[in-house]
Amino acid sequence: MENDNIIELRNVFMKFRMASQRVETLKEFVIRTLKRQLSFEDFVAVNDVSFDVKRGEVVGLIGLNGSGKSTTLKIISGILKPTSGEVVIKGKISPLIELGAGFDFDLTARENVFLNGAVLGYSKKEMLEKMDEIIDFSELHDFMDTPIKNFSSGMVARLAFAIATQIDPEILIVDEILGVGDFLFQQKCEQRINKMMSGGTTVVIVSHSIEQIERLCDRVVWLDHGKVVMIGQTADVCAQYRNMASR
Amino acid sequence: MKKKIFVTVLLLFFVASLVFSVYYPSRDNISNIKNGLENKKYSIDELEFPGWYGEDGDYASMEDAQIIIKDVNTYVSSIKLSGNYTGKNSHVQIFYTTKQGEPFTPEKSKIVSWYSTGSRIYIDADIEALSLRIDLTEQRDDELSISNIELNDRTAVFSINSVAKWCVLPTILVGIVLFVAFYFRGIKPYLDKFKQYMPLVTNLVSRDLKVKYRRSVLGFLWSILNPLLMALVIHTVFSRLFRFDIQYFATYYLVGSLIFNFVVECTSNALGSVISASALIKKVYIPKYIFPFQKCVFALVNMLFGCVAVIVVMLIQGVPFHATMLLFFVPMCYAFVFAYGFGLVLAAATVFFRDIQHLYSVFTAVWMYLTPIIYPEEMLLSNGLGIIMKLNPMYYYTHYLRSVVMYGTLPSLDENIMCIVFALVMLIVGNIVFKKTQDKFILHI
């Protein structure tokens, strides 16, 4: 049987070891070890999470603050390695965890396009081909040779979003970033995501806006305190979630 | 298409190094010297000229190497042979005559044998000699290279440099490893990933270069001027205040410091590379070794600027250029691998313990004084610190670069092996440490 899962998470645990007082230097480490003051506490951020995402699917992650949504996204995008469990990713990922990751604010917008592309693993040549589309989408025609330290946060966000979506990733990871920019740009972003979805891109979204999730997602995973509460069709899960919230 | 070019270049490289290694030792000019020496009479005072042979940068194998010094006519308490020699079970035999017309006989001879690598052979002669013959014939299956012979502290500079037959072997080995790596399936995914992130490395390096030079008027020129000025200072200080018996001292210093500073720059930049990339590591997946690697590449670029400074100083001091200079990249490659491995360890350690930064700067200072950079190598040996020298990888890299650039000698197989062993061991250790700890980086940065 053909397996068209592009993302697979199997019994993923993520434990953070929280030293009650953080030891940052060798000197401190030696002193504390000698005094036997070294103690750790484990904090489980993701607790036995398993789910699959099929190729071309749009999946939303919902849950209250501290429910492990962002940690799960970071595990999917490879930033964090789970303490135990298995993660299988079969495609190129473009993470939009935080806008402007990998930007150097002293460089111009154009240089940053290459830098950011390189961060995501694309060569200068590939980025050059996409340059026009990126400029068009971000609407920064006149500012491409300005150092981005002079940009407004909205401009930076537009540039970052343009790069992340124009490189045609197989998987797009979006964390709470659709709230940036003006009303028109937000619409444009959603249109872009819709277009990518119809083009077969797999999208994983984290958002607190249930409306947005309902508009965009095929399926939803509801997390609470690191555990999966419910996985299912968007309508079902969102209804339940609203129910819980109103209670 | 690219593959074909790569393979062709590699094959050409093999053939070239094979030809090189076969051709070089065969230039046997030793007989010329012998004749030249025997036909002329030299007093010890007359020996103070640069090279009986070797002025034109010629090399020869050591077979039948004899140095005859007539009209010594004095009491010889000791003979010092200094230079670079490596040898397994090698010995030097000193013949001497006391009467006019007396042939050299084994009865009137002294043998000194040794079983190690070093840079000075001390022969306790205690003879009244009319003429001397120094035979370097007895050494077997390895090579001997002596650039300096002293008789009772009066220096006669010889440039008898033998060439190790297998000196190019390591380069061939590296080529084969590359070749296999290129075709070996098992590591292909890693190589692919590495290749995928190469643009990031070049991007980060060019960013570092821009940041470094953007705010200075002379820009890239500083990378050349800085070592030049440093060499000037060192030259002034050491030719006036502390005098060492080193020919072309400024070049000696500059070549040594070039590769030493390269390693220090690599490691100390790599040390903080992961921490300073925290913004990126927290948000995007990037293979984390890219950061220390990129810092090493950056240092490599800076060192290449420094090479220009070395050439300038060599021209000013009139240091003869040798064909072996073209091999300057060999010790640099060794040092790069070593520095990268060490950088991995430091980068990983610094994530957990920030104060390693301060400890390391002390460490490098100590390291510099234990490496023969501003003083001659013999100084460590004669002070009983030879063991430190032999355990210090930087000694081998500085020595190697000086050999090929200044002295026109090719380091022996042993020396090459030492360089490779240090580099590979460091690389493996670095990779293990880094790999074991890299998943925890994000929790500490």
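In which strand of chain A is the place of A:D48? The residue sits in strand β2, which spans residues 40–54 of chain A. The model examined here is predicted. In this model A:D48 has a positive phi of about 55°, although A:D48 is not a glycine. A:D48 counts as partly exposed because 14 C-beta neighbours lie inside 10 Å.

A:N11 also has a positive phi. Its value is near 45°, again in a residue other than glycine. Most residues other than glycine have a negative phi. A:N11 belongs to strand β1 of chain A, residues 5–19. With 12 C-beta neighbours inside 10 Å, A:N11 counts as exposed; the cut-off for that class is 12 or fewer.

Chain A as a whole was examined next. Chain A contains eight helices and nine strands. Its C-alpha atoms fill a box of roughly 60 × 50 × 40 Å along the principal axes. Of the 247 residues in chain A, 42% are buried. Contacts in chain A were also sorted by separation in sequence. Among those between residues at least 6 apart, 72% join residues at least 24 apart.

Helix packing was examined within chain A. Two packed helices are described by the angle between their axes and the distance between the axes. Helix α4 (residues 124–138) and helix α5 (residues 153–166) of chain A pack at about 140°. Their axes are 9 Å apart. The angle makes α4(A) oblique to α5(A), since only angles over 145 degrees count as roughly antiparallel. The crossing of α4(A) and α5(A) is right-handed. On the α4(A) side, the contact is made by A:K130, A:E133, A:I134, A:F137 and A:S138. They meet A:R158, A:L159, A:A162, A:I163 and A:Q166 in α5(A). By class, the contact of α4(A) with α5(A) comprises five nonpolar, two polar and three charged residues.

A helix pair also spans the two chains. Helix α3 of chain A, residues 109–119, packs against helix α5 of chain B, residues 198–213. The angle is about 140°, and the axes lie 8 Å apart. α3(A) is therefore oblique to α5(B). This crossing, of α3(A) and α5(B), is left-handed. From α3(A), the residues involved are A:F114, A:L115, A:A118 and A:V119. Their partners in α5(B) are B:P199, B:L200, B:N203 and B:R207. The contact of α3(A) with α5(B) divides into six nonpolar residues, one polar and one charged.

The largest has 145 residues. Those with the most contacts inside this core are A:I173, B:V263, B:A335 and B:F338. Helix α10 of chain B, residues 329–352, gives the most to the core, with 16 residues. B:V263 is in contact with B:A335, B:F338, B:A339 and B:M394, leaving aside neighbours within four places in sequence. A second core is separate and has six residues. Among them are B:I94, B:Y96, B:I127 and B:L132.

One loop residue of chain B was followed in detail. B:I246 lies in the loop between α6 (221–240) and α7 (249–276) of chain B. A residue needs 20 or more to be buried. Not counting residues up to four places away in sequence, B:I246 touches B:Y252 and B:P376. B:I246 and B:Y375 are 129 residues apart in sequence. In space, their C-alpha atoms are 8.5 Å apart.

How values were computed:
Residues are numbered from 1 along each chain as its sequence is written. Chains are lettered from A and ligands numbered from 1 in the order in which they are written. This is a predicted model: local features need pLDDT of at least 70, side-chain atom pairs count only at pLDDT 80 or more; totals for chains, interfaces and linings use all residues. Helices (H or I, at least four residues) and strands (E, at least two) are DSSP runs, numbered from the N terminus. Two residues are in contact if their C-beta atoms, placed from the backbone, lie within 7 Å. Axes are lines fitted to C-alpha atoms, for helices over the stretch in contact, and angles run from 0 to 180 degrees between N-to-C directions. Angles under 35 degrees count as roughly parallel, over 145 as roughly antiparallel, 65 to 115 as roughly perpendicular and the rest as oblique. A crossing is left-handed if the near helix is turned anticlockwise from the far one by less than a right angle, and right-handed if clockwise. Ala, Val, Leu, Ile, Met, Phe, Trp, Tyr, Cys and Pro count as nonpolar, Asp, Glu, Lys and Arg as charged, and the others, Gly among them, as polar. A nonpolar core is a set of buried Ala, Val, Leu, Ile, Met, Phe, Trp, Tyr and Cys residues joined through C-beta atoms within 7 Å.
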